[in-house]
Amino acid sequence: MLKMAVMIKQVPDSQDITIDPVTKTLNRTQARNIVNPPDMNALEAALQLKDKYGGEITVITMGPPMADSALLECTSRGADKAVLVTDRVFAGADTWPTSFTLATTAEYLGGFDIIFCGEETTDSSTGHVGPGIAEFLGVEQATYIHSIDYQDPYFIVEREIEGAVETLKIGKPAVVTVVLNANNPRRPTLKRKIEAFRKGVTTITNKELKLRPECVGLKGSPTVVKDMKTMVDKPKDTVKIGPEEITKVVEVLYQRGIVKC
Amino acid sequence: MSDFDAIVVGAGNAGSSAAIYMASKGLNVLLVDRADPPGAKNLSGGVLWGNDLAQILPKWQSEAPLERFINNKKLGFLTEKSSFMLDFKTQIFEENKVGYTVLRSKFDPWLAKKAKEAGALVIPGITVESLAIKDRKVIGIVESGDTITADVTLLAEGVNARLAIEAGLKRPLRDSDVSLGIKEIIKLSPQKIEDRFNLKNNSGVASEYILGFLGELNVGGFLYTNKDSLSLGVVVPMENLRENGITHSYDLIEMFKEHPSIAPLIEGGQVAEYGAHLIPEGGLEMMPKLYGNGYMILGDAAGFAFSNGLVLQGMNYAILSGIKAGETAVEAKLRNNFSEQSLSAYEEKLNSTYVLKDLKTFKDIRKVTNNPMMYNTYPKLLESIMLETLWERGQPKKKIRDVLSSCASNLNMGRIKTLREFYYIYRRM
Amino acid sequence: MMDIKERLGTLKYDVDKEYAHITVDEKICEKCPHHFCVMACPAQCYTLQNGKLIFNYEDCVECGTCSIACDQGSVTWHYPKAGKGVIYKFG
């Protein structure tokens, strides 16, 4: 039986983020919170392994208490347990203490055969945390994978590299990061949602993890964001074209192999 | 043993109100909505009369996400070049703040959250597929092949009422049952809104319009002020849109926006959201049987909405029907009897409230609100009367009596027929 | 006049790429005497191109108009699943 973990993050839906016309800063207040999209692919990869080989999936996030709804999204789709790592001392963490705190959580929960992460988050795009967890745990890792299979005691993963697909065999325990759109995340069902919402989430704080405050959160973060500039797209020139020109455009796209008929 | 005492389908005003009532009385309630967050697919004109909400949420005025309280109601008759406005502003509305503009995507998730706080299990993002029916009794709902059971299922699924219709508990909708409402949210700074509409201290205005410049189309318009946006829209009866047959519904709102009396009010505003929704306007004609073995039908799904040209309401009817269905379920639970006979208390309760009283009192109101004269003749009559009396053109002045008769005859309105028409409207409004 | 496509552009959708919640029967539409759906749909999901009815569900605001507008039995109408479809930010 595989013991699996999926690390997820709640992020503002990038579709909802607007730029304040006056201050030119990002306005996230109206944004709906969702599960970081590639994390859903990571969860689906884990669920498919569970469907095939059995096992138990624990979904873990570090974040504020309201991140519980992101965890419930995952247990509604078939993850077995949900763990919310939340504590004031964890707030303001960059990727270093985040990886450290999550790696420690994995150890605290008794360790996992495999830990799945999304390739990166849509709200900070570093891709650090998966590899960071692997390094803190000292286990093997494969990044940017799009498929995974299990042949005890190995995982067989595929990752796309420039112009080719690489197949790797990595030993247990391992950390993998899954690319966006690697698979089609399944829909939740009402029955699963009822179970998930009733079960709720388990909360872990620093009382359990006992990490030194200077190693976590803002204090433990070596990076400092000095400045943030909002990029505003310049309005593009739009040209209105008729049906004849559309045919020409499609022809050119077809000749260049960009669209296939 | 059922999974829940009660399942509520739909987290709008009706469903959430019912869930709040039942959960606060200790029932084990499941509230399921197809949107996530719950209510994010709901849309309405945007004026909420909240009297009934106080029954279940006494502090709603300070807690709910409300936009502006209404102290000014307007009714406008528009012709191609003119507008004739009735403008009622009162300190009394200001002292008794019960009418507010709301944005449903903010208000409905708040109401669903209140249901959760009351103890209901609120599940968003799930579309119920069908009703579970056994031995001619509704025993719950079906989704992804799973049956979730309850002693009573409350159908607050909105105007389209798919579950009720597919289960044969309600007949399919017809043209005559509905109007199509189309709405835009237009962003404008609070300062501009307050200047243009003569508002202060979070006060707001709700205006309804008769659009008398669209030929044979019987279109009503509305314009409500929110904190930093306007809710502007049109309402057209489906019957009338079909008879016309040559106008795209989505163009109607643009025609309204371009009217010379509307354009300056929205100038410089940014369209932040477009939307459309059906409005149940068929009244008693479209009302299904409201209850049966193991179920009740609430809110828009039951056809509870009201429009007489002066007011356009639905949310208050939904809330009150939700509370009454909730009361019925709680009493049925005490009797442990969810039969048709036991749930008939729901209709009895509604009979003693304005919900069913209004539908009965105004059962012929559509004959007034859909009367073509209301749109293509009366606004023009008002315009010509105003021009005759107010426009100094170096002509000898006429007595009001003569103004009326010449204006009416210019519009081919026979005196007897016109009087009969007015009497007809007067009787039904 | 603001183009309907531009107005629909203000809406947020989470489009379900695997499930079309509304389907039409093209054979029935071919014989339809009125194509009232084209006029009625507030989201321009129904258009006529060279006399042929073209339907797309991606812009649908789930109002239900077409299910009433179509009296020929062509429209099969359901709600989207699992929170997919239109998501109003203001409502």
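Me: How many helices and how many strands are there in chain A?

Reply: In this predicted model, chain A holds seven helices and 13 strands. Its C-alpha atoms fill a box of roughly 65 × 50 × 40 Å along the principal axes, and buried residues make up 38% of the 261 residues in the chain.

Me: What makes strand 9 of chain A and strand 10 of chain A a pair?

Reply: Two strands pair if there are at least two bridges between them. Strand 9 (residues 140-151) of chain A and strand 10 (residues 154-161) of chain A have six bridges, in the antiparallel sense, so by the criterion of at least two bridges they count as paired. Within this pairing Asp149(A) stands opposite Ile156(A) of strand 10, and a hairpin of two residues joins strand 9 to strand 10.

Me: In which sense, parallel or antiparallel, do strand 9 of chain A and strand 12 of chain A pair?

Reply: Strand 9 of chain A and strand 12 (residues 174-178) of chain A pair in the parallel sense, over four bridges, and Val176(A) in strand 12 is the bridge partner of Ala142(A).

Me: Why is Leu382(B) called partly exposed?

Reply: A residue is buried if 20 or more other C-beta atoms lie within 10 Å of its own, and exposed if 12 or fewer do. Leu382(B) has 19 C-beta neighbours inside 10 Å, and therefore counts as partly exposed. This leucine is found in helix 17 (residues 378-390) of chain B.

Me: Which residues is Leu382(B) in contact with, leaving aside its neighbours within four places in sequence?

Reply: With those neighbours left aside, Leu382(B) is in contact with Phe77(B) and Phe84(B). By comparison, the C-alpha atoms of Leu382(B) and Ile185(B), which are 197 residues apart along the chain, are separated by 30 Å.

Me: Where do the domains of chain B fall in the domain assignment?

Reply: The assignment gives domain 1 as 4-72 + 102-175 + 282-363, domain 2 as 177-280 and domain 3 as 377-428. The C-alpha centres of domain 1 of chain B and domain 3 of chain B lie 45 Å apart.

Me: Which residues touch the most other members of the largest nonpolar core?

Reply: The largest nonpolar core has 159 residues, and those touching the most other members are Ala6(B), Val29(B), Leu31(B), Leu154(B), Leu155(B), Met296(B) and Leu298(B). Helix 11 (residues 315-335) of chain B gives the most to this core, with nine residues. Apart from it lies another core, of 61 residues, including Ile57(A), Ala106(A), Ile133(A) and Val201(A). As for Leu31(B), the residues it touches beyond four places in sequence include Val8(B), Ala112(B), Ala120(B) and Val122(B).

Me: How many residues of chain C are in contact with chain B, and how many of chain B with chain C?

Reply: There are 31 residues of chain C in contact with 40 residues of chain B. Helix 1 (4-8), helix 3 (36-40), helix 4 (65-69) and strand 6 (85-87) of chain C each supply at least two residues of the side that touches chain B, and that side of chain C divides into 20 nonpolar, seven polar and four charged residues.

Me: Which elements of chain B give two or more residues to the side that touches chain A?

Reply: Here 10 residues of chain B are in contact with eight residues of chain A, and the elements giving two or more residues to the side of chain B are strand 7 (121-123) and strand 10 (146-155) of chain B. This side of chain B divides into six nonpolar, two polar and two charged residues.

Key. Residues are numbered from 1 along each chain as its sequence is written. Chains are lettered from A and ligands numbered from 1 in the order in which they are written. This is a predicted model: local features need pLDDT of at least 70, side-chain atom pairs count only at pLDDT 80 or more; totals for chains, interfaces and linings use all residues. Two residues are in contact if their C-beta atoms, placed from the backbone, lie within 7 Å. Ala, Val, Leu, Ile, Met, Phe, Trp, Tyr, Cys and Pro count as nonpolar, Asp, Glu, Lys and Arg as charged, and the others, Gly among them, as polar. Domain bounds come from an automatic or database domain assignment. A nonpolar core is a set of buried Ala, Val, Leu, Ile, Met, Phe, Trp, Tyr and Cys residues joined through C-beta atoms within 7 Å.
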